[in-house]
Amino acid sequence: MSDQKQWTDVTMPQLAESLVSATIAKWLKQPGETVEQFEPICEVITDKVNAEIPSTLDGIMGDLLAEEGQTVAVGELICRIQTKSVAPMASTGATPVAPAPQGNAQAQVQVQSQQGAASDQSMRGRFSPAVQTLAAQHSIDLNRVTGTGMGGRITRKDVLSYVQQGGSAQAGGVSEQPTATTPAQGSPFAGRQQSAVQHSTPIQNMDPAIPVRNSGIHLTEAPKAPVIEVEGGNNNRSEYFIDVTPIRSAIARNMRQSVSEIPHAWTMIEVDVTNLVMLRNKIKNEFKQKEGINITYLAFLMKAVVNAIKEYPIMNSVWAVDKIIVKRDINISLAVGTEDAVLTPVIKKADQKNIAGLAREIEDLARKTREGTLKLDDMQGGTFTVNNTGSFGSILSYPVINYPQAAILTFESIVKRPVVIDDMIAVRSMANLCLSLDHRILDGVICGRFLQRIKENLEGYTLDTKLY
């Protein structure tokens, strides 16, 4: 029996139906390094989210045919992986002999990779979906597993070895002390990605001194300024240049398409949310202790919007030239701001979730956005968009519709104002709801009734409202 080397071409996969290309952000494997099936080989940037491309087979990385920073069309070659194919043995009864030289060579490559991982732990906190799935299935704390991949990264083989060894702290491949995580140098994700190890720890064990935004819209108190470079290094120039990222380019393209194709109209309604404020103040501490997350006004708004869409399903539609397509599933796109972009991850089938379930979904999507771990599936299928612009103090806004949806709603800041009630002046907590609509599909009458229904739903909350 003899081993023969063969090369397998790896092409840029179509990560989403609408995706035609992606940009290579960073190679996670270099030529000569061992590659395992499902192990990520590179990071890519798409016009929606950042993603990883996993290997589909075991082997050794060969030539890298695409450079970091290069945009590659779907279906084009990006690298080659060397695999071994076993030639059939003649039926002579002879005992096959294993090819020692090649086995030793591969073992040497693996040993070198492990030695490098021991000194470089920059990728320690980056887990592939396959590793996360295995860890969840076996209830494994990845903080206790030693990674043998590039930069200390944990591979499927590491997790399986940990499972086979019983998961004891004394077993080989297990680290007694958590390994510190540092962002990969030169990676475009550095600074955006929090260690996934931190989020494997229960929330009550986290450092309470670290402020965490839970508004479901923007993620830091003081957003970072984009990195700018002076063209040509001339300090006397009066202009600065900022490279347009794929995500920013997609935002520009979608916004231009929205305002050029959709005839926008705009309307607003004022809502008295005094009862909602009292309800949230009553249950927020208990909810935090029970669920480990904050209950925000956005969850209550989402429920009010979903119930209103059930009564006015035309709001959940898209324009298709010769027909209007009304979507049966109510999938709410949630506008979530990062330091350099606004993403719209989707809460699927929001009409089937209660207030507590919506709060968990909002927190989960905000955390994924903050960590940079959103998947393409998280960004697709939205039918109506909600934006909590009030989280940064806005009281009035004119949102651009999330193409090709029919409408987008913003929830503005809650402020105390004097209001006339029964010919008497009272101080109430008031908020504005702003709606942008596609005037090809929707008219003022239907949208006015829709907003009025949301208003009634929000003002209908009482101290006895159930979250579950």
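Q: In which loop is Y398 found?
A: This is a predicted model, in which local features need pLDDT of at least 70 and side-chain atom pairs count only at pLDDT 80 or more, while totals for chains, interfaces and linings use all residues. Residues are numbered from 1 along each chain as its sequence is written, and side-chain values use heavy atoms, with hydrogens and water left out. Helices (H or I, at least four residues) and strands (E, at least two) are DSSP runs numbered from the N terminus, and on that numbering Y398 is found in the loop between β16 (384-387) and β17 (407-411).

Q: Is Y398 buried, partly exposed or exposed?
A: Buried means under 20% relative accessible area and exposed over 50%, with partly exposed in between (1.4 Å probe, protein chains only). Because its relative accessibility is 49%, Y398 counts as partly exposed.

Q: What accessible area do W266, M268, I395, L396 and Y398 have together?
A: Patches are made of residues with over 30% relative accessible area and no salt bridge, like charges being joined within 9 Å and nonpolar side chains (Val, Leu, Ile, Met, Phe, Trp, Tyr) within 5 Å. A salt bridge here is a side-chain nitrogen of Lys or Arg within 4 Å of a carboxyl oxygen of Asp or Glu, and accessible areas come from the Shrake-Rupley method with a 1.4 Å probe, only the protein chains shown counting as cover for residues. These five residues form a nonpolar patch on the surface, and their accessible area together is about 510 Å².

Q: Which peptide bond is cis, with omega of about 5 degrees?
A: P404 lies in the loop between β16 and β17. With omega at about 5 degrees, the cis peptide bond is the one that joins Y403 and P404.

Q: What is the arrangement of the rings of F300 and Y461?
A: Rings of Phe, Tyr and Trp (its six-membered ring) pair if their centres lie within 6.5 Å; planes under 30 degrees apart count as stacked, over 60 as edge-to-face and the rest as tilted. The structure holds three aromatic pairs; in the pair of F300 and Y461, the ring centres are 5.4 Å apart and the planes are at 75 degrees, so the arrangement is edge-to-face.

Q: How many residues apart in sequence are the parts that the pair of F300 and Y461 ties together?
A: F300 is buried at 0% relative accessible area, and Y461 is buried at 7%. Because F300 lies in helix α6 (residues 297-311) and Y461 in the segment after α8 (444-459), the separation of the parts tied together is 161 residues.

Q: Is D423 buried or exposed?
A: D423 is found in the loop between β18 (415-421) and β19 (424-438), and has a positive phi of about 65 degrees although it is not a glycine. Since its relative accessible area is 76%, D423 is exposed.
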